[in-house]
Amino acid sequence: MRKSLSAQLSITLVSLILGLALAAQFKNVQRVGGSVSLQRTQELTQQVQRLRQENEALEARIEEYEKRIREFENAVQSEGESNRLIYEELERTRMLAGLVDLQGPGVVVTVDVKYVGEWGQDAIVQNVRYDDLLKLVNELNAAGAEAIAINGERVIATTEIRNAGDYIVINTNRYSAPFEIRAIGNPDTLEAALKLLGGVADDLGVYLQINIKRVDNIRIPRYRGTFQYKFAKPVQDTGTKG
């Protein structure tokens with residue numbers, strides 16, 4: 001009887017110790033996990049705040065530049081015919097930089113995936129890749145396109161067209177098929193360059209759905225991003241070669 005009571009007390013004592021140990025371990029795990037989560041949350045919050053501040057600063061800078069441009073334009077226009085050429089040069093520079101909306105005749109190229117029947121189901125031959133778009137853009141530029149946009153993104157000198165997972169990034173924005181390429185230029189020349197036998201559209205048409213349409217009046221939006229030059233500076237002509 002005494003042995004049975006002693007055994008029961010021993011089991012109870014061991015169970016109590018194990019329970020206390022498990023409770024202490026659980027608290028430690030909770031404390032460590034909560035600390036890591038809180039730290040990560042603080043980091044993300046700081047990143048969001050920093051990005052928001054940078055975005056506000058960039059928007060303020062854009063507004064300031066646009067204000068200065070308007071002031072300059074008004075000043076130039078008010079000083080008569082002698083400054084007309086300067087104003088036209090400024091407009092041409094803004095067009096080349098992609099900073100104004102443009103319209104004119106050209107072509108609209110749609111690029112989408114092609115489906116084939118396979119085992120009784122429709123299957124994609126191949127997804128649209130960034131280099132497919134680059135080939136079309138290069139061909140349009142070679143044919144004299146004066147302005148190009150892809151899915152509303154103005155293509156300028158700093159525009160990147162690259163893969164990012166299942167998307168294609170253009171001007172830091174992500175897109176997936178279908179893609180619409182708008183190009184202003186001579187419609188005959190642009191269309192002929194793309195539809196050349198054995199050319200880009202012929203090559204891409206093997207695995208993509210390519211549609212080319214001439215349009216009398218296309219509207220292409222201006223570039224809406226920002227420019228930052230931290231390292232590049234205008235060359236000062238000192239008469240020496242470097």
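Val109 is in contact (heavy atoms within 4.5 Å) with Leu136, Phe179, Glu180, Ile181, Leu194, Ile210, Asn211 and Ile212, leaving aside its neighbours within four places in sequence. The model is predicted, so local features need pLDDT of at least 70 and side-chain atom pairs count only at pLDDT 80 or more, while totals for chains, interfaces and linings use all residues. Residues are numbered from 1 along each chain as its sequence is written, and side-chain values use heavy atoms, with hydrogens and water left out.

Val109 also belongs to the largest nonpolar core, which has 30 residues. A nonpolar core is a set of buried Ala, Val, Leu, Ile, Met, Phe, Trp, Tyr and Cys residues joined through side-chain atoms within 4.5 Å. Buried means under 20% relative accessible area (1.4 Å probe, protein chains only). Val109, Val111, Leu133, Leu140 and Ile181 touch the most other members. Several elements each supply at least two residues of this core, among them strand 1 (102-113), helix 3 (130-142) and strand 10 (208-220). Helices (H or I, at least four residues) and strands (E, at least two) are DSSP runs, numbered from the N terminus. A second, separate core has eight residues, including Val100, Val108, Ala149 and Ile220.

Three strands form an open sheet in the order 6-7-8, with antiparallel pairing. Strands pair if DSSP finds at least two bridges between them. Strand 6 (161-164) and strand 8 (173-175) are the edges, each pairing on one side only. Strand 7 and strand 8 pair over three bridges. In strand 8, Asn173 stands opposite Ile170.

How values were computed:
Buried < 20%, exposed > 50% of the residue type's maximum accessible area, 1.4 Å probe, protein only.
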